[in-house]
Amino acid sequence: MIRTALAPHLDALIGFRRDIHAHPELSFREFRTTDRIVAVLEEAGLHPRRLEGTGVVCEVGEGPLAVGLRADIDALPLDDLTGTDFVSTTPGVAHACGHDIHLSALVGAGLALHDIHRSRPGGLGGTVRLIFQPAEEVTPGGALTVIQQGVLADVPQVFAIHCDPNVDVGRVGSRIGAITAAGDTVIVRLRGHGGHTSRPHLTEDLVYALGKVATDLPATLHRLIDPRHAISLVWGAIEAGHAANVVPSEGSIMGTLRCLDVDGWNQVAEVLPELVDRITGPYGVEVELTHRRGVPPVVNTEPEVAIIEAAVKEELGEDSVQLTPQSMGGEDFAWYLTHCPGALVRLGTRTPGGVTYDIHQGDFLVDEGALEMGARVFAATALKAVGLR
């Protein structure tokens, strides 16, 4: 049923996805992307509505609201190195995380579901809400702005997909419980009087203190918090000074803090300020800690995992679902699951036997067969939720 309904749209969907890929837009600036989504859905006879700023919500079917399907629509601030005919035309911006696939698959699912609704006696027997969300790539995420606009107020369950270049096209990675990690930003700024490197005892040895933060803070966290929470603090930038013989008056270090579960995430927030003060205390520096809370882990609920896995197996084959490991990456779909049950699964994008790429890299290439698979996964999950599968 889904494959038949989707088939007439596939060529246009591939062209749509390539157009989106060629015109990527950063978080909260997805104006053209929003316009394109609205245009395609309206052309099919649907009635999408724009969210504040960017993003789209659209209902398919009629009757009680049965399910929400979510796709993110923003791109990343890096160069597109894929070398395709539809390479990004915007310097320094690229769809290197697969959001162009996510949103195009959701468009495809919406078109297929709409055709099924119109052609089937009794229609879908329920309403499916399509959610095209802005700004997943920034913390704490565009999901919060969507939720604040009431998009989830009456949604009983919600589902999402995320491209996975470690999984072959035609297969889906799934798991019950946490499938991603919490992700925060940590910035430590130190200040002192500065001075001459020949007399470090007469000033605050700021670079040494910064080095202690760099090495001791991750190590101490590992020893104060249960290791089963898998706390990971990795620094991405450190800056201080401009001359070999000058003790600088200020410096900073910043990085990302990740954790596999909510309990550990909350514990870190409690102990981090005390640890920073304890490490820097002996050096007399002034300390400013910024702990920017990002997103909690995405925690898939068991009944919803059962729904999407059953839908995938019926649609793509009995061996199409595989257990996926928990990722240390963050995903703001987690905020949806603090309001209603749901599940996120990993959509295979690797050509079988082909190259394994990585997301958030400029050369990230997706096998375009994943677009059809994603649309079928979304649509099959919706039909399962409304009771037609």
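**Exercise 1. Find which residues Arg17 touches, leaving out residues up to four places away in sequence.**

Step 1. Apply the contact rule: heavy atoms within 4.5 Å.
Step 2. List the partners. Arg17 touches Phe86, Asp100, Ile101, Ser104, Val366, Glu368 and Leu371.
Step 3. Arg17 lies in helix 2. Helices (H or I, at least four residues) and strands (E, at least two) are DSSP runs, numbered from the N terminus.

This is a predicted model: local features need pLDDT of at least 70, side-chain atom pairs count only at pLDDT 80 or more, and totals for chains, interfaces and linings use all residues. Residues are numbered from 1 along each chain as its sequence is written, and side-chain values use heavy atoms, with hydrogens and water left out.

**Exercise 2. Decide whether Arg17 is buried or exposed, then do this for Ala153.**

Step 1. Recall the cut-offs. Buried means under 20% relative accessible area, exposed over 50%, and partly exposed in between (1.4 Å probe, protein chains only).
Step 2. Take Arg17. Its relative accessible area is 4%, so Arg17 is buried.
Step 3. Take Ala153. Its relative accessible area is 71%, so Ala153 is exposed.
Step 4. Locate Ala153. The residue is in the loop between helix 5 (143–148) and strand 5 (158–168).

**Exercise 3. Describe how helix 2 packs on helix 4.**

Step 1. Two packed helices are described by the angle between their axes and the distance between the axes.
Step 2. Know the axes. They are lines fitted to C-alpha atoms, for helices over the stretch in contact; angles run from 0 to 180 degrees between N-to-C directions.
Step 3. Read the values. Helix 2 (residues 10–22) and helix 4 (residues 99–119) pack at about 150°, with axes 9 Å apart.
Step 4. Name the contact residues. Helix 2 supplies Leu13, Phe16, Arg17, Ile20 and His21. Helix 4 supplies Asp100, Ile101, Leu103, Ser104, Val107 and Gly108.
Step 5. Sort them. Ala, Val, Leu, Ile, Met, Phe, Trp, Tyr, Cys and Pro count as nonpolar, Asp, Glu, Lys and Arg as charged, and the others, Gly among them, as polar. The contact of helix 2 with helix 4 has six nonpolar, three polar and two charged residues.

**Exercise 4. Summarise the whole chain.**

Step 1. Count the elements. The chain has 10 helices and 16 strands.
Step 2. Check burial. Of the 389 residues, 53% count as buried.
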